[in-house]
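Take a look at how charged side chains pair up in this protein. Keep the sequence and the 3D view side by side as you read.

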Amino acid sequence: MNNFSYYNPTKVVFGKNTISKLSSLVPQGAKTLIIYGGGSIKHNGVYDQVINALSGREVLEFSGIEPNPRFETCMKCVEFIRENNIEFLLSVGGGSAIDATKFIAAAYYYESDNTWEILETSGAKIKKAMPFATVLTLPATGSEMNKGSVITKEATKEKRSFSSPLCFPLFSILDPQTTYSLPKSQISNGIVDTYVHVMEQYLTYPVNNQISDRFAESILITLVEEAPKVFKDPNNYDVRANLMWAATLGLNGLIACGVPEDWATHVIGHELTAFHGLDHGVTLAIVLPGVMNIMRDEKADKILQYAERVFGITQGTKEEIIDKAIIATQSFFASLDIPTRLSDVNLNETCIEPIIKRMVDRGWNLGENGTISPEKVRQILIDRL
Ligand code: NZQ
Ligand code: ZN
């Protein structure tokens, strides 16, 4: 097992009708800004629950955070905060609203006017952030209980991430009932995102970490088991609750303790979103089977373990079992009606070279061993045409 340190200060309040607890959780007397997206919270009753819980307090709102939140919009919000002397931020929505809030919280106190530098330096220079909390409505990113954020700069079509220990939410409210209104495509995106977060922290090489491996496998198996149920029985509370908690545990740092991490699928996926606007989950469903195939030798031991423990695949030669594991993974994604090939989203080989150029320009070599070179990324994307 590798050495690790683990820190997670976010308080999680999970369960039915928990949004009302905002009244005691939001710091008394703090002028609060509610930050949200395009309005889904106004259609599903979440907005009303938040406003009711905060009645009698000084509350303003900033809406219009886009999916794949834009730097430009976030900076407008920072301006709004300066004009209105806001002291506390409350993000209500999915990963995009939460990620935007993290960036806004850090950008407000950033010492330089060049706040895009936060992304260019991966958050290393953040010295202070405004306190914030979240009400989650889309289980997927784990952003409600982690310190990371992903922001897109529209002007240059760049999608970059940062993290800072100052960007953990103070608390997050997770009421699975808020997810009943999700469209099918967003349920699928969330399941795939959670699945791939786990794979990024699991499908590397063995370090004899039984705890992290078994935690990871339990999340993967839960997703495979619960996914068909959520489409058959969308108002089943326990199914929604299991999916929501799985997503949070998939990326709150716990399963990363003492294991190597990959993240190549995410980095490549972010470029597909930056250039072509694809949903995050869709990019991952397309890229992961390619990473498994092209990196099959380096990842062989863990792919064999994954095949047996998650899908019960034991028959065949080593190469046959790896092939079956890749097919099982892709079939699971396809069962969610999510695209799994570039051609499914009307992309062809012309999408590949701009991504490779970016990898070369930034000097990026990806993967748990740093061996996923730009040439390997090319092979991965060709594999997914
Ligand atoms: O904007 P509104 O109107 O709220 O609608 C949203 C949006 O259109 C809608 N939605 C959310 N909750 C809903 C709902 N519709 C009906 N009922 C509900 N309960 O769903 C759409 C997508 O929302 P979004 O927040 O964009 O989705 P998600 O949670 O998947 O977040 C994706 C973003 O998170 C980043 C991604 O790159 C992407 O930018 N990620 C953040 C990570 C992190 N901070 O740790 C890690 C991830 O790997 C990921 O990169
Ligand atoms: Zn993700």
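Start with Glu 154. Its relative accessible area is 36%, so Glu 154 is partly exposed. The model you are viewing is a predicted one. Side chains of opposite charge can pair when their charged atoms come close. Glu 154 has such a partner: its side chain meets that of Arg 70 in a salt bridge, at 3.3 Å from N to O. Arg 70 sits in the loop between strand 3 (59-62) and helix 4 (71-84), while Glu 154 sits in the loop between strand 6 (148-153) and strand 7 (158-163), so the pair ties together parts 84 residues apart in sequence. Arg 70 is partly exposed too, at 27% relative accessibility.

Now move to Lys 299. At 2% relative accessibility, Lys 299 counts as buried. Asp 262 is also buried. These two form a salt bridge, with their closest N and O atoms 2.6 Å apart. Lys 299 lies in the loop between helix 11 (280-294) and helix 12 (300-311). Asp 262 lies in the loop between helix 9 (237-250) and helix 10 (264-276), so the pair ties together parts 37 residues apart in sequence.

Lys 299 also forms a salt bridge with Glu 368, where the closest N and O atoms are 3.1 Å apart. Glu 368 is in the loop between helix 14 (352-361) and helix 15 (374-383), and this pair links parts of the chain 69 residues apart. Glu 368 is buried, with a relative accessible area of 14%.

Finally, find a network. Salt bridges link Glu 158, Arg 160, Glu 271, Arg 358 and Arg 362. The whole structure holds 22 salt bridges.

Methods:
Residues numbered from 1 in each chain as written. Chains lettered and ligands numbered in written order. Predicted model: local features only at pLDDT ≥ 70, side-chain atom pairs only at ≥ 80, totals over all residues. Heavy atoms only, no water. Salt bridge = Lys/Arg side-chain N within 4 Å of Asp/Glu carboxyl O. Helix = DSSP H or I, 4+ residues; strand = E, 2+ residues; numbered from the N terminus. Buried < 20%, exposed > 50% of the residue type's maximum accessible area, 1.4 Å probe, protein only.
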